[in-house]
Amino acid sequence: MVTHADEELMMQFQAGNVYAYELLCERYRTRTFAFIYRLLGGDREPAEDLLQDIFVKIAGAARLYEPRAKFSTWLFTIARNHCRNYLKSRPYLQQQVTVSADIPAPPGVDAGVLVDTTDNPAQNVQNRETAEILEAAIRRLPDAEREVFVLRAVEGFSHEESARILGLNPATVRTHYHRARQHLKADIGPVLDPTSSTPENRRPA
Amino acid sequence: MNPCETYAELLPEFLDGALPPDLAANTATHLAECAHCRDELRFVRTLTRAARELPSPTPGDAVAIRIMQSVLGARPVPRRTEFGPVLDVEELADFLRVDPATLDRYIPDIPCFELGGKLLFRRETIEEWIRQRELGIGLQPLPEPQPIPEEHEQTVSGGVQWTL
């Protein structure tokens, strides 16, 4: 089977091939949704609405796309800006995020599906619990740190790509990412790595 | 900022192999000497692995349908249904009911003329071209079969035998 590069599919869509865009949507729908969902602190309904808005917006702006830019970077830049605008227009969301952080598993997320990498049931339960604890801790991060952490650690974007998506100086991205890790270490460090100690008692002399 | 904090910020890029060689070498030297930073490196690894293995929340199935309906609905130019005697490439795509990308593959085979740097097509000639490509019952052969270019032979050769 021939796999077309994202950029090639986008060029085909620019030339009028709607099916090329359908393929792109198929390819990025879940990943983009997961990104939006996490940036919105686990709020499913607006995340689905934003997902639709984003793919429709990209279709409308397709003629502006230049293949010099990596499609995924372009897509996530638009997605992040949409989330930012949405969060600005919903100042009371922070309250909802705090509440939702206590919910064990967000609806629609089968926390066991991707973490069940072993036949050991006890290990599976532990992996699932760790995933839920990490998701909740990510939701508790300040917005700027959560954005960087999700892009870098969860989505696997490089340092430069993350800076481009967020429109930030690479040094700022580095600092936000470091602070996010420190917050997560203080929050759930012992859960992730039971053999390590908290930052407070491991400071070098 | 103490040196450990400076190096701690660089650890993810160190693990990605994205640091410039001299900075990577300095970081490696510091790690060899500093137990605290080695501990930090292990945490970065553990955290990154846990983050990559997080299950992806998935959108509902209806969203995919809604997206494509909106995209199709937002197409700026609807397919044309009325055509003049001369067509440009986009009009020809609509006339033949294919998308322009598909049409591109057939352009070398389609009779056309050029004017002002633009490829144009006579609608009458296109209709004739379609007739030549048609296969099936009820079609009449052309009165004077034209010599067919070599690349056409495969697709059209069966057609000249049409009889009722």
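**Close-up views of a predicted two-chain model**

**View 1. Strands S1 (residues 86-87) and S3 (residues 118-122) of chain B pair in the antiparallel sense over two bridges.** The coordinates shown here and in the other views are those of a predicted model. B:Leu87 has B:Phe121 in S3(B) as its bridge partner.

**View 2. Strand S2 (residues 113-115) of chain B is joined to S3(B) by three bridges, and the two run antiparallel.** Opposite B:Leu115 stands B:Lys118 in S3(B). S2(B) and S3(B) make up a hairpin in which two residues lie between the strands. In the turn, B:Gly116 has a positive phi of about 60 degrees.

**View 3. In chain A, the axes of helix H2 (residues 18-39) and helix H4 (residues 71-89) come within 10 Å and cross at roughly 35 degrees.** The crossing of H2(A) with H4(A) is right-handed. From H2(A), the contact involves A:Leu24, A:Tyr28, A:Arg31, A:Thr32, A:Phe35, A:Ile36 and A:Leu39. These meet residues of H4(A), including A:Phe71, A:Leu75, A:Phe76, A:Ala79, A:Arg80, A:Cys83 and A:Leu87. By class, the residues of this contact between H2(A) and H4(A) comprise 11 nonpolar, two polar and two charged.

**View 4. Chain B and chain A meet in a contact that takes 41 residues from chain B and 54 residues from chain A.** Between them the chains bury about 4,400 Å², of which 63% is on carbon and sulfur atoms. Four salt bridges are counted between chain B and chain A. One of these links the side chains of B:Glu13 and A:Arg174, with an N to O distance of 2.7 Å.

Methods:
Residues numbered from 1 in each chain as written. Chains lettered and ligands numbered in written order. Predicted model: local features only at pLDDT ≥ 70, side-chain atom pairs only at ≥ 80, totals over all residues. Heavy atoms only, no water. Axes fitted to C-alpha atoms, helices over the stretch in contact; angles between N-to-C directions. Helix = DSSP H or I, 4+ residues; strand = E, 2+ residues; numbered from the N terminus. Left-handed = near helix turned anticlockwise from the far one by under 90°. Contact = heavy atoms within 4.5 Å. Nonpolar A, V, L, I, M, F, W, Y, C, P; charged D, E, K, R; others polar. Pairing = 2+ DSSP bridges. Buried area = accessible area lost by both parts, 1.4 Å probe.
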